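Here are my notes on the model you sent.

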Amino acid sequence: ILLVSALPGDGIGPEMIGHIDRIFKFANIPIDFEYVDVSSKDPSNESLLNAITSIKRNGLAIKGNIETKFDDPTYL
């Protein structure tokens, strides 16, 4: 079984990743997801560091939608 980091993100991301997980299970694809919460609403870097650690450990990731804050004046 292959372990894949799953970053559902915001908006439709969690629903999309959930559908992918169900499709893989239905098709008997030997993949398990390690879910890592990354949200645009979290101002800290802790969730991002957790995601990077998970991706390095598993070597593979799938990412849902994570909002980009274009209206944030600190966004570069």
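1. A residue is called buried here when its relative accessible area is under 20%. By that cut-off, 29% of the 76 residues of the chain count as buried. Please keep in mind that this is a predicted model.

2. The chain has two helices and three strands. Read from the N terminus, the order of the elements is β-α-β-α-β. Among contacts in the chain with a separation of 6 or more, 76% are between residues 24 or more positions apart.

3. Asn58 deserves a separate entry. This residue belongs to helix α2, which covers residues 46-58. Is Asn58 buried or exposed? Its relative accessibility is 15%, and because the limit for buried is under 20%, Asn58 counts as buried.

4. What does Asn58 touch, leaving aside residues up to four places away in sequence? The partners are Leu3, Val4, Ser5 and Glu34. With Glu34 there is also a polar contact between the two side chains, at 2.7 Å.

5. The largest pocket holds about 200 Å³ of space. Its lining consists of Val38, Ser39, Ser40, Asp42, Pro43, Ser44, Asn45, Ser47, Leu48 and Ile66. By residue type, the lining of this pocket has four nonpolar, five polar and one charged.

Key: Residues are numbered from 1 along each chain as its sequence is written. This is a predicted model: local features need pLDDT of at least 70, side-chain atom pairs count only at pLDDT 80 or more; totals for chains, interfaces and linings use all residues. Side-chain values use heavy atoms; hydrogens and water are left out. On a 1 Å grid over the protein atoms alone, a cavity is a set of points where a 1.4 Å probe fits but cannot get out, and a pocket is an open set with protein on both sides within 12 Å along at least five of seven lines; lining residues have an atom within 4 Å of a point. Grid points are joined across faces, edges and corners, and a volume is the space filled by probe spheres set on the points. Ala, Val, Leu, Ile, Met, Phe, Trp, Tyr, Cys and Pro count as nonpolar, Asp, Glu, Lys and Arg as charged, and the others, Gly among them, as polar. Helices (H or I, at least four residues) and strands (E, at least two) are DSSP runs, numbered from the N terminus. Buried means under 20% relative accessible area, exposed over 50%, partly exposed in between (1.4 Å probe, protein chains only). A polar contact is a pair of N or O atoms within 3.5 Å; within protein, one must be able to donate a hydrogen and the other to accept it, and residues adjacent in sequence count only if both atoms are side-chain atoms. Contact means heavy atoms within 4.5 Å.
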